[in-house]
Amino acid sequence: MQRGEPVIMLSIGEPDFAPSAAVLDAAADAMRRGRNRYSSGQGEPAVLDAIARRYSRTAARPVLPSQCCFLPGTQTALFATMLALLDEGDEVVVGDPYYATYESVIAAAGGRVVPVPTLPEQGFHLGADALARAITPRTRVLLLNSPGNPTGAVLSLDEIAAIGVVCVEHGLTIVSDEVYAELSFGAPFASPIQLAALQEQTVVVSSLSKSHALPGFRCGWAVGSRSFAERLLSISEAMLFGSQPFLQDATAFALEVETGDVARMREGYARRARLVVEYLGRSPVLGVRMPEAGMFVMLDVRRTGLSGDEFARRLLDERAVAVMPGESFGRGGAGHVRIALTIEDSRLVEACERIVGFSGVS
Ligand SMILES: Cc1ncc(COP(=O)(O)O)c(C=O)c1O
């Protein structure tokens, strides 16, 4: 590879698709209408209604606006939720591999991540038995991420029900990070709030970041029981003193009006995932399988004899392709690298050609 060759960045999971123009217009219109004043810590009535209606469509019991809170992105919603749920030294069980910021979000709230192993051979699906084995008297929360980052795994409702039995038995709250819910293309998305036995002890966090390619808008939310929402409100007031009303209006619009943008994102990522799987699947050394959702493909590099770290470092040096080592998502990601599907198709194909031609592979 020539020095100075531009690096193809497959490392960062930032959507590259054009955001929904209709949602941009809704934000701009709201701003011009003067929706720029202080808001409440919980959120504006219109967006709370929209969030409640969205979850009422699938939840076991209707969700009320008083159970919802608008927050700046899933990340903030996760942090505020963990602050509300954890005491110093509490444990949070998480399927391993897991999204890299979980560790710091949980630590900042005084908690500790306890990884629950998942297996590539089982599509990285979290199992009830492995979960049960990780629980101790200090466990308070299961942080569930389906569809998962980095794995692209989507748990079925039956799998969630089995996991839920363990959570009920041990009195765990399920925090369900559903930021990729709208990007399920290989398996139907399912949430613990669809199950009556779990709804009361589930907190859902999500946002428009991925579904509408608007990560910079920081439009997210948390939905839980009434008592949880009350606890969250005092944290949200202390942290934020309310979020921007014009962004809340744009979120209400995005949740209520079908523009076709979400389907555009979903189909785009599915098409790119198929491209990558088709190209890299030709290598006798690499292991690649179609993700069930999301913006990433996990590439199994174990047969190269390299770790995910070594593979990523050498691929960058020798072929100018940047990927994330699986190890950066926990031990469960060992021997894998994560490929982000967030560049245009032709560059993605070029990256795949470079990967196949990389000396670690050929
Ligand atoms: C699993 C997961 N949760 C949360 C986030 C953060 O999302 P947001 O932009 O809504 O804060 C991301 C972003 O990549 C993610 O992958």
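Modeller: Happy to! Let's start with Ser-146, which counts as buried because it has 29 C-beta neighbours inside 10 Å. Here, buried means 20 or more other C-beta atoms within 10 Å of a residue's own, exposed means 12 or fewer, and partly exposed is in between, with C-beta atoms placed from the backbone. A word on the source: this is a predicted model, where local features need pLDDT of at least 70, side-chain atom pairs count only at pLDDT 80 or more, and totals for chains, interfaces and linings use all residues. Residues are numbered from 1 along each chain as its sequence is written.

Ser-146 sits in the loop between strand E5 (139–144) and helix H6 (157–169); helices (H or I, at least four residues) and strands (E, at least two) are DSSP runs, numbered from the N terminus. Leaving out residues up to four places away in sequence, Ser-146 touches Ala-153, Val-154 and Leu-155, where contact means C-beta atoms, placed from the backbone, within 7 Å. Its C-alpha atom is separated by 16 Å from that of Leu-208, 62 residues apart along the chain.

Now the backbone. Most residues other than glycine have a negative phi, and most peptide bonds are trans. The bond from Ser-146 to Pro-147 is cis, with omega near -5°, and Pro-147 belongs to the loop between E5 and H6. Another cis peptide bond runs from Asp-96 to Pro-97, with omega near 15°; Pro-97 is in the loop between strand E3 (91–96) and helix H4 (102–108).

Phe-124, although not a glycine, has a positive phi of about 60°, and is found in the loop between strand E4 (112–117) and helix H5 (128–134). Phe-124 is buried, with 24 other C-beta atoms within 10 Å. Phe-241 is not a glycine either, and its phi is positive, about 55°. Phe-241 lies in the loop between helix H8 (226–240) and H9, but counts as exposed, with 11 C-beta neighbours inside 10 Å. A further positive phi, near 55°, belongs to Ala-320, which follows H11. The buried residues of helix H11 are Gly-308, Phe-311, Ala-312, Leu-315 and Arg-319. Seen down the axis of H11, these fall within an arc of 95°, so they line one face of the helix; the arc is that of the directions from the helix axis to the C-beta atoms.

Methods: Contact = placed C-beta atoms within 7 Å.
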